[in-house]
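Please examine the sequence and the structure shown below. A short report accompanies them.

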Amino acid sequence: MFGNGHYYGRFMLRPGYTGVVPLQARLVAVTLADQAGAALADVGTGAGTES
């Protein structure tokens with residue numbers, strides 16, 4: 001994951017015993033990754049800070 005030009009890491013979703021990750025779990029993981037990326041992008045710009 002990149003934010004504001006810096007590499008911060010990555011998310012890994014590991015399957016359970018069945019070897020298949022349910023669709024809802026994948027959608028949640030993508031949503032969380034998107035929100036984390038947006039938050040990291042705002043860190044360097046000062047967006048979202050209160051005055």
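## Model and confidence

The structure is a predicted model. Across the chain the mean pLDDT is 74, and 73% of the residues reach 70 or more.

## Secondary structure

The chain contains 1 helix and 2 strands. In sequence order these elements follow the pattern β-β-α.

## Burial and surface

Of the 51 residues in the chain, 8% are buried. The accessible surface of the chain amounts to about 4,500 Å². Carbon and sulfur atoms account for 60% of that surface.

## Phe11 in the loop

Phe11 lies in the loop that runs between β2 (6–7) and α1. Is Phe11 buried or exposed? Phe11 has a relative accessible area of 53%; because the cut-off for exposed is over 50%, Phe11 counts as exposed.

Phe11 can also be placed relative to Val30. The two residues are separated by 19 residues in sequence, and their C-alpha atoms are 9.2 Å apart in space.

Notes: Residues numbered from 1 in each chain as written. Predicted model: local features only at pLDDT ≥ 70, side-chain atom pairs only at ≥ 80, totals over all residues. Heavy atoms only, no water. Helix = DSSP H or I, 4+ residues; strand = E, 2+ residues; numbered from the N terminus. Buried < 20%, exposed > 50% of the residue type's maximum accessible area, 1.4 Å probe, protein only. Areas by Shrake-Rupley, 256 points an atom, 1.4 Å probe, with all protein chains shown as cover. pLDDT = per-residue confidence, 0-100.
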